[in-house]
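Take a walk through this protein, one element at a time. Keep the sequence and the 3D view side by side as you read.

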Amino acid sequence: MGAVTGSGTLDTGRPWPLGATWDGRGVNFALFSAHAEAVELCLIDGKKIRTLPLRACSDQVWHGYLAGAAPGLRYAYRVHGPDAPERGQRFDSGRLLLDPYAREVVGDFTPVPDEPTLGLLASVVDEAFDWQGDAPPATPWGDTVVLEVHVKGVSRQHPDVPEALRGSYAGLASPAMIAHFQRLGVTALSLLPVHHFLDEQRLIDQGRVNYWGYNTLAFFAPEPRYAARVGGQTVIDEFKTMVRTVHAAGLEVILDVVFNHTAETDEFGPTLSFRGIDNASYYRLQPDNPAAYENFSGCGNTVRLAHPRVLQLVMDALRYWVEVMHVDGFRFDLAAALARDSAFLAALRQDPTLQRVKLIAEPWDMGPDGYQLGRFLPGWSEWNDRFRDDVRAFWLTGEVGVGALAQRLAGSSELFRDAGRAPQAGVNFVTAHDGFTLRDLVSYQSKHNELNGEDNRDGHGHNLSWNCGEEGESSDPAVLEKRRRLQRALLTTLLVAQGVPMLQGGDELGRTQAGNNNAYCQDNEMTWLDWRNADSVLIDFVAGLIALRQRFPQLRRSRWLTGEADSAGVTSDDRQPDVLWWHPAGRPMAVNDWQSATLGTFAMLLGAEAPGGTPLLCLINRDEIPVPFLLPPGVWQQLCDSSAPAPFASGRRKTTSPVAARSVQLLSLTAGPVTG
């Protein structure tokens with residue numbers, strides 16, 4: 001069968017590392033299964049299958065060494081054991097099973113006669129790659145601005161990306177895309193899932209796909225559908241080249257990872273890997289009914305990280321993506337499910353490799369007590385949906401007042417401070433992939449998900465959105481002006497708040513999904529960014545806000561705001577409060593002001609971060625009419641007026657600054673110090 005497939009007999013090999021490891025002379029295979037009775041290594045050549053028993057088993061790891069085997073060898077496993085769902089086991093020795101440690105997955109999940117799972121196989125890989133001195137940007141959390149993007153959707157329609165590269169890893173790192181990211185000033189790209197995933201059968205039956213990718217099967221393998229494969233480059237090398245190129249541009253790569261469930265779904269789903277290798281070890285089963293799964297993910301199953309070998313699998317995968325693929329961090333989908341009854345958080349905290357990367361939790365799942373916002377350990381950041389909801393409710397529905405918005409502007413200290421964490425523990429966002437785009441948030445009162453094929457039952461119903469008087473697209477100048485102002489007010493609020501800002505890719509273009517707030521199954525023009533109709537003025541506005549954020553260190557504080565003079569700030573003779581909340585009538589906010597149900601205007605004055613620094617004043621007006629603000633003493637320079645056609649035009653203010661309806665204004669002090 002040639003050098004790729006080896007000599008023909010298995011030596012004992014060793015039980016580590018798990019997976020298939022090429023050492024230049026052959027390949028070591030190691031597979032964990034605590035309950036298997038026998039394991040066979042299956043070598044695939046076309047439709048021919050050659051079977052070699054793994055006779056050695058050490059500490060529940062089945063292993064063997066195949067001399068002469070080389071990268072490119074395709075393989076799978078057959079695992080023998082009891083088919084006893086009532087006892088939690090679902091072995092089926094007739095199935096070919098994917099190695100959980102597969103670095104590359106080849107083939108398609110398309111049943112063929114006489115071998116229903118032959119389509120998905122692992123391929124042995126050579127990890128060698130010329131990184132050309134690549135080093136991670138290691139951007140401090142305080143300086144980080146995240147852009148959430150979909151690998152395919154971000155470049156699929158970009159006219160300046162070569163057609164062969166559009167929608168691929170290579171397209172993401174093309175000069176046109178890098179130029180856009182640098183124009184914006186973002187520092188990190190958070191990629192929707194790129195681990196090898198499957199489309200659910202029900203979507204295939206409907207002619208749809210899982211566009212977002214939250215249906216992982218292989219935790220080590222990059223998704224091949226995003227590979228351009230130009231010049232015969234492998235999927236892995238294309239991914240690495242993308243990371244290297246993005247790093248060279250000063251940008252970090254954060255992966256959205258799904259370890260809470262797998263694509264095998266519930267007890268009626270396909271047996272492809274984990275279920276057939278050792279169902280009771282890999283999955284959480286219902287205690288009183290082991291034939292069924294605990295479904296804290298809402299996707300049919302929950303991975304059992306309480307098992308040491310399953311925890312090892314996830315930890316090994318994370319280290320692989322950092323050490324071998326050079327990514328800079330992870331956003332953990334439904335992270336509460338990972339921490340439930342497991343040592344996952346403690347394991348990450350002490351790991352020397354993973355300590356240095358960015359860790360972001362989606363701090364909830366669908367299980368009991370599943371909402372864990374603010375409860376993760378120091379070293380973690382969390383998606384702050386409280387920021388999203390309060391900012392939307394302040395600007396769009398009026399359901400919260402100035403006190404709630406001030407709390408979010410101050411970094412949501414009531415959620416994160418008591419655990420000894422910094423303001424960067426909160427990743428603030430107004431929109432994300434799951435929900436309305438920014439433009440749709442101010443254009444639709446209700447979700448419009450009919451094209452998803454679920455009779456508009458899917459997606460969130462409580463969006464805190466406002467259509468500004470007309471549902472959907474409008475040609476009414478008054479409606480369009482309200483929408484323009486609100487989008488800019490929301491963006492400004494996001495970028496002046498303490499914490500880490502995250503933008504949804506495409507919001508800076510003014511993109512719409514026609515009111516679909518759950519476009520997970522739409523791989524088409526609805527979700528691909530529409531570059532030909534991009535709002536260049538809005539792009540410049542977002543870039544200007546990010547530049548202001550980087551210019552003023554008090555917007556990126558690593559210490560909590562207290563309202564007291566900051567000893568780390570200016571000299572003792574002229575110490576400023578780190579924050580002063582200001583009423584438009586020209587005085588500090590009082591208790592009654594915070595409790596007002598009608599007040600929609602206030603200001604945040606941030607003191608300088610260092611001697612010689614410049615205080616920054618943020619004026620906020622959500623009312624329908626302009627409001628004149630009496631300013632704190634001094635001469636103030638206008639930096640930004642979110643409502644203005646030229647938002648970054650300068651101008652001086654001494655005593656009063658008129659703030660337009662539904663807008664935010666930023667001023668810096670040029671003369672006359674503010675004292676506490």
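Which residue of strand 23 does Glu148 stand opposite? Glu148 faces Gln504 in strand 23. Keep in mind that this is a predicted model.

Strand 12 covers residues 146-149, and strand 23 covers residues 500-504. These two strands run parallel, and three bridges join them.

Now step back to the whole chain. The protein has 16 helices and 32 strands. Its radius of gyration is 27 Å, close to the 26 Å that the globule rule gives for 676 residues, so the protein is as compact as a globular protein of that length. Along the principal axes, the C-alpha trace spans about 85 × 55 × 55 Å.

Helix 14 itself holds residues 477-496.

Next comes a partner of helix 14. Two packed helices are described by the angle between their axes and the distance between the axes. For helix 14 and helix 15 (residues 536-551), the angle is about 20° and the axes are 9 Å apart. An angle under 35 degrees counts as roughly parallel. Helix 14 and helix 15 are therefore roughly parallel to each other. Their crossing is right-handed. From helix 14, the contact takes in Gln487, Arg488, Leu491, Thr492, Leu494, Leu495 and Val496. From helix 15 come Val537, Leu538, Phe541, Val542, Leu545, Ile546 and Arg549. By class, this contact of helix 14 with helix 15 has ten nonpolar, two polar and two charged residues.

Helix 15 also packs with helix 3. Helix 3 spans residues 175-184. Its axis and that of helix 15 are 7 Å apart, at an angle of about 55°. Helix 3 and helix 15 are therefore oblique to each other. On the helix 3 side, the contact residues are His180, Arg183 and Leu184. On the helix 15 side, they are Ser536, Ile539, Asp540, Val542, Ala543 and Ile546. The contact of helix 3 with helix 15 divides into five nonpolar, two polar and two charged residues. Two residues of helix 15, Val542 and Ile546, are named in this contact and also in the contact with helix 14.

Go back to helix 14 for another neighbour. Helix 10 (residues 385-397) packs with helix 14 at an angle of about 140°, and their axes are 11 Å apart. That angle makes helix 10 oblique to helix 14. Helix 10 passes helix 14 in a right-handed crossing. Which residues of helix 10 meet helix 14? They are Phe387, Val391, Trp395 and Leu396. Helix 14 answers with Leu486, Ala489, Leu490, Thr493 and Leu494. In the contact of helix 10 with helix 14, eight residues are nonpolar, one is polar and none is charged. Leu494 of helix 14 takes part here and also in the contact with helix 15.

Val635 stands opposite Ala671 in strand 32.

Ser412 has a phi near 55°, a positive value in a residue other than glycine. Look for Ser412 in the loop between helix 11 (402-409) and helix 12 (413-416). The peptide bond from Trp16 to Pro17 is cis, with omega near -15°. Pro17 is found in the segment before strand 1 (19-22).

Note on methods. Residues are numbered from 1 along each chain as its sequence is written. This is a predicted model: local features need pLDDT of at least 70, side-chain atom pairs count only at pLDDT 80 or more; totals for chains, interfaces and linings use all residues. Side-chain values use heavy atoms; hydrogens and water are left out. Axes are lines fitted to C-alpha atoms, for helices over the stretch in contact, and angles run from 0 to 180 degrees between N-to-C directions. Helices (H or I, at least four residues) and strands (E, at least two) are DSSP runs, numbered from the N terminus. Angles under 35 degrees count as roughly parallel, over 145 as roughly antiparallel, 65 to 115 as roughly perpendicular and the rest as oblique. A crossing is left-handed if the near helix is turned anticlockwise from the far one by less than a right angle, and right-handed if clockwise. Contact means heavy atoms within 4.5 Å. Ala, Val, Leu, Ile, Met, Phe, Trp, Tyr, Cys and Pro count as nonpolar, Asp, Glu, Lys and Arg as charged, and the others, Gly among them, as polar. Two strands pair if DSSP finds at least two bridges between them. The radius of gyration is taken over C-alpha atoms; the globule rule is 2.2 Å times the number of residues to the power 0.38.
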